[in-house]
Amino acid sequence: MRLLRGNRYRLQELQERQDWLSGVFEATWVGKDSHRAGGLVTICEVMLPEGTSVMTQSILRTATITLANVGRHPRIPALWDAFSDQGRSFFVFEPIEGESLYQRLRYSGRPLSEQEVIECCLQMTEVLELLSQQSPQIVHGLIRPEHIVVGRNGSHFFLTNFSIVLAGGATQFIAGMERSRLSPYAAPEFVRGVVDARTDMYSLIATAYHAATGVVPTGISGSIPPAQRINHALSSEFDAILTKGLRAVANQRYQRPSELRQDLLALRSVSGSLVSSSNGNAVSSSISAGNYSPAPASRNGQRVQEAPQRNANDLLPPLPIRLTTDDADEERVLLLPRPEDLPPMKASDDRVNAALLLSAILVCFIVLVILSQTFS
């Protein structure tokens, strides 16, 4: 077990690792936080080349600000901490209690119902629409069944495990990768370093395909068999959505999350067992009121300690989050500029300015009196 940040965090179990180019990788751990009574947290370890370079610090700064901002959304884990230790960078996230789609498929041994998959996709399109509206756009980059968590009540879904590298805009570590090094849920253009909202939508629909059929979306020469051929219970309309969303050419797929959402809403069941649109509006109202409390969750099927309730006052830790080193010199690197680093404000003497203004007014008054006597 590794101890980090002055023994505050303890890495317990490696959950997964994603390797990029140039020795860059991201590893996700289950950890414990001694400042939260030993509660479980999710810790993402990031290895970038030349950890002290301006480029690397810029990537880490951008990722921190990006993930802190989107972590306000109730279906995205909040970023609680970011720091450096022993030459590597770590991002600490709120734990989400529940089970991933992958674990649900594995434990049940059968596909999810069509309406459950539709509801999952509807909630995820809400998240992807938020990401696409940012400037620049934010890309999750790693959407797959392991990274969509079903909350304890079974009707709320959460998107976890954002790529830190892509959140920092570092697509140079992706372009040119071999397809075999990526998950089968990654869009074809991903290997060229082309990532945008359509890339995430492809991964979401590939995940939906797996959830609805129980089969990973792969095929001969890139041709994925129709989902209805595998699961005859699926409607032809939902099969058409999956087929369009998994086309190899990005311009032939859904172009915006709202476009996909519109087609999904047409198939949504009126069953009261699922989250209705009116409930969704209630959730939005709760968010704006600052009293939304999402169901706490887990990683990869492991139940973890319930996360504290989130409200308007504690959605984010105060910025700037510090990316710090725990070396002997305790050097601290701020992700946002320190006040003393900002350019000085222009100095001025308010008393002098007031005196000059008063003198000008008196002169104008005297001139007016003289002119009035002259013409009287």
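Here is a short walk through this structure, from the whole chain down to a few residues. What you're looking at is a predicted model, in which local features need pLDDT of at least 70, side-chain atom pairs count only at pLDDT 80 or more, and totals for chains, interfaces and linings use all residues. Residues are numbered from 1 along each chain as its sequence is written, and side-chain values use heavy atoms, with hydrogens and water left out.

Let's start with the whole thing. The protein chain has 10 helices and 13 strands; helices (H or I, at least four residues) and strands (E, at least two) are DSSP runs, numbered from the N terminus. Of its 376 residues, 49% count as buried, where buried means under 20% relative accessible area, exposed means over 50%, and partly exposed is in between (1.4 Å probe, protein chains only). The chain exposes about 18600 Å², and carbon and sulfur atoms supply 54% of that. These areas come from the Shrake-Rupley method with a 1.4 Å probe, and for residues only the protein chains shown count as cover.

Now find the open sheet. Its 6 strands come in the order β1-β2-β3-β4-β6-β5, with antiparallel pairing; two strands pair if DSSP finds at least two bridges between them. At the edges sit β1 (2–4) and β5 (79–85), each pairing on one side only. On average, neighbouring strands of this sheet are turned by 35° against each other, direction ignored. Strand β1 is joined to β2 (residues 9–19) by 3 bridges, and the two run antiparallel. Look there for Leu4, which stands opposite Tyr9 in β2.

Helix α1 packs on this sheet, touching β5 and β6 (88–93), and its direction makes about 0° with that of β6. Axes here are lines fitted to C-alpha atoms, for helices over the stretch in contact, and angles run from 0 to 180 degrees between N-to-C directions. Contact itself means heavy atoms within 4.5 Å.

Next, zoom in on Val70, which is found in α1 (residues 54–70). Is Val70 buried or exposed? Val70 is buried, because its relative accessible area is 2%. Leaving aside residues up to four places away in sequence, Val70 touches Ile76, Leu131 and Ile138. Val70 and Leu130 are 60 residues apart in sequence, yet 8.1 Å apart in space, C-alpha to C-alpha.

For a contrast, head to helix α10 (residues 350–374), where you'll find Phe365. Phe365 counts as exposed because its relative accessible area is 55%.
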